[in-house]
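Subject: Handing over the two-chain model

Dear colleague,

Please find the structure below, together with its sequence.

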Amino acid sequence: MSFATGDFSDWSLLGEGGEAQIFRARQVSLDRMVAIKRLKLSSIGNEDEVKRFEREAKLCASLSHPSLVQVNDYGSDGSFYYLVMEYVQGVDLGKMAELGSAYVSSGNVNVTGNMAMLGLPAFPGNGGTADPSSGQGLPESLKIHLARQMVEVVDFIHQKGILHRDLKPENFMADYTGRIKLLDLGMARLRTQGFPQADHHGGALKGTLAYIPPEILRGHGPMETVSEYYSLALVLLEIFSGARYYRGKSADEVVSLIQSGISITEIAGVPSSVKALLSPYLNPDPAKRPKTLEPLLKGLKGMQSNSLALAGGREALEAVIRREQKAWLWAMVNASESTGKIEEAFARLRELLESDPENADVQAKFQELGERMNVAHETAPSAEAAPEKAPRRRVGRPGSAFANARMRFMAISASVLFIAITGSFFYLQGRPDFDDLGRDLMQREMSLLSKENEAGDKPVPADARRPALLPYGVLIVTGIPKDYRVLVNRVRYPAGGEIHLPASRHLLEVQDAGNRPVLRDSVAIGGGEPTVYDFSRRAGKP
Amino acid sequence: MGMNSASFLKCAPAFAALTLLCACGGDLKRARESYRLGDYPRALRLFESELDRHPGSFEARYGYAVVLQELSLKKKALGDDEEEDWAEVVRSYEICSRLGGDSGTIAENYAISLFHLANKLYLREKYEPSLEYLETARRIDPKNKYVLNLAGIVQYSLGRYQEAQETFEYLIAEDPGFVSAYLNLGNVLWESGSEDAALVTWKQALTVSPDNQAIIKRIESALQKIAGS
């Protein structure tokens, strides 16, 4: 479980969700780029989130498929939970679905979603929203190629007994080669784990509302593979048509629209052959949907064999990905600049300029940051080195113009005199020493602030200011079956290990694998020898 | 030989000019010496005198601001410092920063003086202006964790729990050894009703600083409260 964050450098935030952040980083030991998903600190106390994170790591590690992201490592460094994954350079299909057919050809890529997520302005070269009516987009052949892989990977996890439970365009990513990757298995479950409770956990539906099948919205039965067929078909329909059917609408509207069903025949821009393939899977009645993905897969494969323009399609996809990457780099430039990391911003800007040398905004920014860096270098303290430069040049060529010993003596004397006078000038002006004094003040201030902050308890509520200080004791709970969990004062601890607690009475709870409490007890912990609590003896007692 | 002597003599006016310049820097020298000896009132007068002659002198401006900061720090040690003291220090650094010079430490000292001013305002429950100064300080010296920590505390005091939580989370991510941030993040989570998350956060603080009494007391108090509810 231990995780060495020291092995990773050049961290850059790729995106952020409610519970986790995704970073791009370099793994130093293997000199490769990786994606690191880090659970937010605020989610760590939420056992469901931690469990979900662990589940995602284990599921990903147990599956091997070219369209599933490879998990390299999982663990915690004591503060955060991490999931180290293969880094995929690509674009999520959500963007294609949002902008549809105009996505590539118009040259207008809307990246405001990403930038808003990072709280940063959009990349100037990509600005504006695409005009959905402006014409050609990703070629149908490429869409079919992507769709086939999407169906294949969903079919693969279903065959392994797993439901993804959050299929949406944003969870599919296409890389430069047109390879699809299915992301975010955090919500996925093995069918044997029971879906109904998970779907309506705490009364709240899990997943993305716009892609939840009607029967689940109505609360009819558990999530099943046919339910997920509906979500997949809806995602595919959005990829082909470039429209978002339920996005941007209120929850009530979405529920009402989903339950009334999609009139697939009225949808423009989707080949009739594709409509015919998807239509059965979008039936609001799950009993009337096909029982496997085979007809869909077979149909897509048949269409693909008739297509010729895959190579051109890949170029179009590459163009989309490059634009996305530029937008991301631009966001990183702004982020580095706003936090005062000018050199870092400059380095990223250089990278950006290499891929987009004609962009006037990038050029202007490059010049602006370059000037700021030059100013910084020119104004850096250099008084100590300056006085020696000129004399060194004068005496630095022995044996040429200064062969005469007397001349050499004169030159050296002049140099010494020059150094003495310029040195005393700077000494009297006081700048180098003065820098030291400013530094001394700064260091003393930081030391004082550090001392003041040792307690750092300014906002502690009044009840915590004068609590009694109790000695600590150790609780060991034995006889716990595997998969059972121990909670003390509602905080989860590893079963079988030492639990350090204040010497006092504490609430102990043991839960079974289904998180149902099987024992609740009050345990007194002493300050001396460890208190051993044998669960096997007490189980069943009230 | 003759030629070389002539060249040498040609340099004489330059040396003379340098010597003259040395003489002009007298007030700065005396100010610096006074500062080194801890005679801050005299140092302040001498820097002022230098500024009367050369209002654009970065060294004199910076020296003036540093001495003002020392005087305010002395007052602070006695509990006598006022909001106006720190406001004056901040003003001096602000003017100094406009001159475009670079002492190598001006950003750090400027940000610290803003921190002190913001802290005074925070203690007087003037949260909004306090946060504004802290935001300025953060722009000037993004690495100052005390500025961020106080910003989180002020956000907390303004009831902006979400912002405060994000500030403390950022601080911990930047410096996992900064115990105050864990304590304060735990407090924010506790106040927001995320009791389990608060306890986990404080326990993480104990892995960083196992004997920290403030953290230990906070955990004990929280557990007692949970046990009693």
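This is a predicted model: local features need pLDDT of at least 70, side-chain atom pairs count only at pLDDT 80 or more; totals for chains, interfaces and linings use all residues.

Chain B, by contrast in its make-up, has 13 helices and 0 strands. Of its 229 residues, 51% count as buried, and the chain exposes about 10,000 Å², of which carbon and sulfur atoms supply 53%. For contacts in chain B with a separation of 6 or more, residues 24 or more positions apart account for 50%.

**A sheet in chain A**

Chain A contains an open sheet of 5 strands, arranged in the order E1-E2-E3-E5-E4 with antiparallel pairing. Its edge strands are E1 (8-16) and E4 (71-76) of chain A, each of which pairs on one side only, and the twist averages 25° from one strand to the next. Within this sheet, strand E2 (residues 20-27) and strand E3 (residues 32-39) of chain A pair in the antiparallel sense over 8 bridges, and A:Ala20 stands opposite A:Leu39 in E3(A).

**A covered helix in chain A**

Does the length of helix H9 of chain A, or rather what distance between its end C-alpha atoms, fit its 17 residues? At 1.5 Å a residue, helix H9 (residues 225-241) should span 24 Å, and its end C-alpha atoms are 24 Å apart, which agrees. H9(A) is mostly covered, since 17 of its 17 residues are buried, and it is followed by A:Gly242, whose phi is positive, near 75°.

Two residues may deserve a look at the backbone. A:Asn515 has a positive phi of about 65° although it is not a glycine; it is found in the loop between strand E15 (505-511) and strand E16 (517-524) of chain A, and at 29% relative accessibility it counts as partly exposed. B:Glu125 likewise is not a glycine and has a positive phi, of about 60°; it lies in the loop between helix H7 (106-123) and helix H8 (127-140) of chain B, and with a relative accessibility of 59% it counts as exposed, because the cut-off for that class is over 50%.

**A buried serine, and the cysteines**

B:Ser34 lies in helix H3 (residues 26-37) of chain B and, at 8% relative accessibility, counts as buried because that value is under 20%. Leaving aside neighbours within four places in sequence, B:Ser34 is in contact with B:Asp39, B:Arg42, B:Ala43 and B:Leu46.

The structure holds 0 disulfides over all chains. Among the cysteines, A:Cys60 is buried, with a relative accessible area of 11%, and B:Cys96 is buried as well, with a relative accessible area of 0%.

With best wishes

Definitions and conventions. Residues are numbered from 1 along each chain as its sequence is written. Chains are lettered from A and ligands numbered from 1 in the order in which they are written. Side-chain values use heavy atoms; hydrogens and water are left out. Helices (H or I, at least four residues) and strands (E, at least two) are DSSP runs, numbered from the N terminus. Buried means under 20% relative accessible area, exposed over 50%, partly exposed in between (1.4 Å probe, protein chains only). Contact means heavy atoms within 4.5 Å. Two strands pair if DSSP finds at least two bridges between them. Axes are lines fitted to C-alpha atoms, for helices over the stretch in contact, and angles run from 0 to 180 degrees between N-to-C directions. A disulfide is a pair of cysteine sulfur atoms within 2.5 Å. Accessible areas come from the Shrake-Rupley method with a 1.4 Å probe; for residues, only the protein chains shown count as cover. The expected span of a helix is 1.5 Å times one less than its number of residues.
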